[in-house]
Amino acid sequence: RDLTSPPTMLSTLIRGFAGATDGRFYRVSPSFVDSALPPGASVIPRPTFAAWLRAGPLVLVNTPNTIWALIAVCMFECVPYDLSRTGPAASAPLSAAFFAARLPLWLGVWLGYTLWWHATLHWFGFAERPFVAAREYRPGRVAHNLVWSVSGVVIWTGFENVFAYLWATGRLAYVDETAWSSRRGALHFCAALLLVPLWRDVHFFFAHRMLHFNALYAQVHSLHHRNTDVEPFSGLCMHPVEHLYYFACALPSLLLLTTPFALLWNGVHLLLSPGASHSGFEDHWQADAYHYFHHRYVSCNYAGTNAGFLDVWFGSFVDTLKPTDQKGCKPRPDAKATLTRPPSLEFAAYLALSAGCVLAWAVAASDVAAGAHAAAPRFAAHLAVLAGFGPVAAASAVTGITRSGGGAPRGGPLKTGLLLAFWARF
């Protein structure tokens with residue numbers, strides 16, 4: 001072909017496969033980046049709802065979703081759920097046998113993927129444009145991030161166990177046909193592949209925005225923000241309560257008739273996507289300056305890169321570094337991102353209170369599953385409210401007593417009210 005002729009659609013798709021730029025995965029920046037400027041100093045184009053809709057059909061072609069979807073399909077086909085009446089999933093909503101089978105799988109997939117990003121960027125120098133040029137590598141901070149991230153993988157396995165128990169015992173209907181056995185199965189499979197990433201975009205903004213209100217930020221989300229200069233293991237480094245709300249993205253599998261693949265694909269997306277978006281570098285195929293600005297300045301860019309139009313709508317969009325950082329971001333100590341400092345009494349008290357809210361549900365659910373007693377609908381509803389909203393009430397109480405704060409959202413009362421009204425619908 002004449003190299004001077006315009007590129008064909010096929011060649012464009014190939015060069016942009018899985019989010020690559022001109023077929024390259026490292027040492028290449030997004031198209032809006034001016035390489036003559038320091039990392040982060042380029043202006044991110046203003047995202048729009050129309051652009052998000054136009055990109056929807058290609059969500060599995062020219063974005064990192066390609067890689068994550070392939071991993072999800074391989075897991076679903078190679079290590080399928082055992083939803084038989086005699087399988088580990090049917091024994092209890094939180095089963096040791098289920099955890100023994102699934103937790104090593106999730107830990108292996110998450111650790112392998114995130115370690116690959118960490119090693120290629122921070123050890124082997126595959127990228128050359130760190131947001132912080134004078135970055136100091138701190139093994140203690142990485143260990144801190146690993147510990148809290150592993151707790152997230154454990155919690156996700158618990159979510160998966162509950163769903164598998166409901167399916168295996170007939171308490172929750174699901175599409176039991178594989179994608180390859182019928183037209184109906186294929187439609188559900190393809191719908192899940194396409195819609196889960198789009199749903200994740202929307203859910204992440206509102207769940208994340210909620211965590212920036214004073215009490216929840218002070219007691220919960222501030223742990224994630226101990227990393228102002230991020231690295232891949234900081235992506236899933238969250239307080240256990242934040243993991244609960246982050247993994248609530250699995251809601252469609254509870255409310256809709258779906259295939260189990262939809263839940264697994266959701267889980268892969270939830271566990272793997274934060275790694276690259278917290279890379280700390282500007283020049284690779286999954287670089288995310290958009291979210292880096294959020295960690296740098298806290299009260300902005302609550303959405304993921306793909307759904308940035310939501311930040312535009314709610315007045316929290318920031319498109320470049322602040323003037324004080326335009327010549328290069330200065331390093332920050334991130335001193336709280338360590339395991340060597342003992343937790344404060346406030347942190348321990350809130351962790352105990354929030355854990356009690358969830359454990360009350362877990363114990364009651366296990367008793368019901370074991371046939372010890374039957375749960376009355378009203379009692380079950382009270383337990384659900386305790387597990388779902390108890391940690392929020394506990395955060396408000398602890399914050400009020402200790403007079404701690406932080407993370408108050410910006411924006412006028414009208415925007416805040418609309419946001420809360422929308423979130424209340426969930």
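## Helix H14 and Phe389

Helices, as named in this report, are DSSP runs of H or I that hold at least four residues, numbered from the N terminus. The model described here is predicted. Phe389 belongs to helix H14, which covers residues 377-402.

The relative accessibility of Phe389 is 57%, so this residue counts as exposed, the cut-off being over 50%. Phe389 and Val358 stand 31 residues apart in sequence, and their C-alpha atoms are 9.8 Å apart in space.

## Helix H4

Helix H4 comprises residues 96-123 and has a kink of about 30 degrees at Arg102. The kink comes shortly before a proline, Pro104.

Both ends of H4 show local detail. At its start, a side-chain oxygen of Ser95 comes to within 3.2 Å of the backbone nitrogen of Ala97. After the helix comes Gly125, with a positive phi near 65 degrees.

## Nonpolar cores

The largest nonpolar core contains 56 residues. Within this core, the residues with the most contacts are Trp106, Trp156, Phe261, Leu264, Trp265, Val268 and Leu271. At least two core residues come from each of the helices H3 (65-78), H4, H5 (139-168), H6 (183-210), H8 (240-246) and H10 (260-277).

Leu271 illustrates the packing. Leaving aside residues up to four places away in sequence, Leu271 touches Trp106, Trp110, Val153, Trp156, Leu236 and Phe247. There is also a second, separate core of 24 residues, and among its members are Tyr292, Val312, Phe317 and Leu321.

## Helix H7

The buried residues of H7 are Ala215, Leu216, Tyr217, Ala218, Gln219, Val220 and His221. Their cover includes helices H6, H8, H11, H13 and H14.

## Salt bridges

Side chains of opposite charge can pair when their charged atoms come close. The structure contains 6 salt bridges. One of them joins the side chains of Glu128 and Arg27, with an N to O distance of 3.5 Å. This pair connects distant parts of the chain, 101 residues apart: Glu128 is in the loop between H4 and H5, and Arg27 is in the loop between helix H1 (9-15) and helix H2 (49-55). Glu128 is exposed, its relative accessible area being 54%. Arg27 has a relative accessibility of 42% and is therefore classed as partly exposed, a class that lies between the limits of 20% and 50%.

A salt bridge also forms between the side chains of Arg141 and Asp334, at 3.5 Å from N to O. Arg141 is part of helix H5, whereas Asp334 sits in the loop between helix H12 (309-314) and helix H13 (345-369), so this pair ties together parts that are 193 residues apart in sequence. Arg141 and Asp334 are both buried. In a further salt bridge, Arg296 pairs with Asp325, and the closest N and O atoms are 3.4 Å apart. Because Arg296 lies in helix H11 (residues 289-297) and Asp325 in the loop between H12 and H13, the pair ties together parts that are 29 residues apart in sequence. Arg296 and Asp325 are likewise both buried.

Notes: Residues numbered from 1 in each chain as written. Predicted model: local features only at pLDDT ≥ 70, side-chain atom pairs only at ≥ 80, totals over all residues. Heavy atoms only, no water. Bend = angle between axes of the 7 residues up to and from the residue. Polar contact = N/O pair within 3.5 Å; in protein donor to acceptor, adjacent residues only side chain to side chain. Core = buried A, V, L, I, M, F, W, Y, C linked by side-chain atoms within 4.5 Å. Buried < 20%, exposed > 50% of the residue type's maximum accessible area, 1.4 Å probe, protein only. Contact = heavy atoms within 4.5 Å. Salt bridge = Lys/Arg side-chain N within 4 Å of Asp/Glu carboxyl O.
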